[in-house]
Amino acid sequence: MQKNKAAFFDIDGTLFRNSLLIEHYFLMTKDGILDKENWEKNVKPLYQKYQDRKGPYEDYLDKASLLYQKNLKGIDKKTINIYAKKVIENNQSKIYRVTKNALEYHKKMGYKIFVISGSPDFLVRDFAKIYGADHTIATKYIFDDKDKFTGKILPMWDSKNKKKSIDFLTEKYNIDLENSHAYGDTNGDFSMFEKVGNAHAINPSYELIERLYNNKKLREKTKIHVERKDVNYTFLLSDLNVDFHQF
């Protein structure tokens, strides 16, 4: 049986220009569903530190995600889904063009389109559906028998779990990994790049690009895509001869 080719996509920072989780957190806080003081005291300073280039993006996102998980505990599924729908409606077109073009190309060429994301499943599922994903795997948020969030999750933002997801999808859909592609932007996407024959780092974080550059095999097969203003820059990581510095 002939194997299928696939394109694996992260969402936050790869297709979507921000984080679905952060947008959901902000909107629920703005409307008073979640504690505004917590946002102002704990999340906003992290974001400002990143914006001022005094802290890494991954640090801001990781800490904000933990605060979101803690503050969402006890909120009912109906309310969460109402705000999830608003987030999708408000942000579905705020995407990186280079990733959108790649997704459309792969779909046209008959590739299976898979989304593996660390954002909540109730956000990722509908966002991915807009762009024609064949299968979506995201962080699972667990609700009790009264449909209230328990505070417990099954995470999907780390490299280890993304590797397990690719293994699952490869077996389920009979995927030819050597002729498949993966798109990501942070260290959590590293295992996706290891598994496929064609790796694409979209505006990569310092942690990711340093790790890719220091791995000879990955350095030779990874393309870097940088989208700034109205220009896309694409180059092979192996062609780059620079020092990386984290601010």
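Student: Which residues in α6 are buried?

Tutor: This is a predicted model, to start with. In α6, the buried residues are Asp121, Phe122, Leu123, Val124, Phe127 and Ala128.

Student: What covers the buried residues of α6?

Tutor: The cover includes three helices, α1, α3 and α4. It also includes the strands β2 (112-120) and β3 (135-143).

Student: Take α4 then. At what angle do α4 and α6 cross?

Tutor: Roughly 35 degrees. Their axes come within 9 Å. Here α4 is residues 77-91 and α6 is residues 121-130.

Student: Is that crossing left-handed or right-handed?

Tutor: The crossing of α4 and α6 is right-handed.

Student: Which residues meet there?

Tutor: α4 brings Ile80, Asn81, Ala84, Val87, Ile88 and Asn91. α6 answers with Phe122, Leu123, Asp126, Phe127 and Ile130. By class, that contact has 8 nonpolar, 2 polar and 1 charged.

Student: And α1? At what angle does α1 pack on α6?

Tutor: About 115 degrees, with the axes 10 Å apart. Helix α1 covers residues 20-30. The crossing of α1 and α6 is right-handed.

Student: Which residues of α1 and α6 meet?

Tutor: Leu20, Leu21 and His24 from α1. From α6, they meet Phe122, Leu123, Val124 and Phe127. The contact of α1 with α6 splits into 6 nonpolar and 1 polar, with no charged residues.

Student: How many residues are in the largest nonpolar core?

Tutor: It has 49 residues. Those with the most contacts inside it are Ile11, Leu20, Leu72, Ile80, Phe122, Phe127 and Tyr141. Helix α3 (residues 57-72) gives the most to this core, with 7 residues. The core draws at least three residues from each of domain 1 and domain 2.

Student: What does Leu72 touch?

Tutor: Leaving aside neighbours within four places in sequence, Leu72 is in contact with Met28, Leu34, Ile80, Phe122, Tyr141 and Phe149.

Student: New topic: backbone. What is the phi of Gly132, after α6?

Tutor: Positive, near 75 degrees.

Student: Which residue has a positive phi of about 65 degrees although it is not a glycine?

Tutor: Asp147. Most residues other than glycine have a negative phi.

Student: Where does Asp147 lie?

Tutor: Asp147 is in the loop between β3 and β4 (149-154).

Student: Why does Asp147 count as partly exposed?

Tutor: Because its relative accessibility is 37%. The partly exposed class runs between under 20% for buried and over 50% for exposed.

Student: What about Asn203? Where is it found?

Tutor: Asn203 sits in the loop between β6 (198-202) and α9 (206-213). Its phi is positive, about 45 degrees, although Asn203 is not a glycine. Asn203 has a relative accessible area of 22%, so it is partly exposed.

Definitions and conventions: Residues are numbered from 1 along each chain as its sequence is written. This is a predicted model: local features need pLDDT of at least 70, side-chain atom pairs count only at pLDDT 80 or more; totals for chains, interfaces and linings use all residues. Side-chain values use heavy atoms; hydrogens and water are left out. A nonpolar core is a set of buried Ala, Val, Leu, Ile, Met, Phe, Trp, Tyr and Cys residues joined through side-chain atoms within 4.5 Å. Buried means under 20% relative accessible area, exposed over 50%, partly exposed in between (1.4 Å probe, protein chains only). Helices (H or I, at least four residues) and strands (E, at least two) are DSSP runs, numbered from the N terminus. Domain bounds come from an automatic or database domain assignment. Contact means heavy atoms within 4.5 Å. Axes are lines fitted to C-alpha atoms, for helices over the stretch in contact, and angles run from 0 to 180 degrees between N-to-C directions. A crossing is left-handed if the near helix is turned anticlockwise from the far one by less than a right angle, and right-handed if clockwise. Ala, Val, Leu, Ile, Met, Phe, Trp, Tyr, Cys and Pro count as nonpolar, Asp, Glu, Lys and Arg as charged, and the others, Gly among them, as polar.
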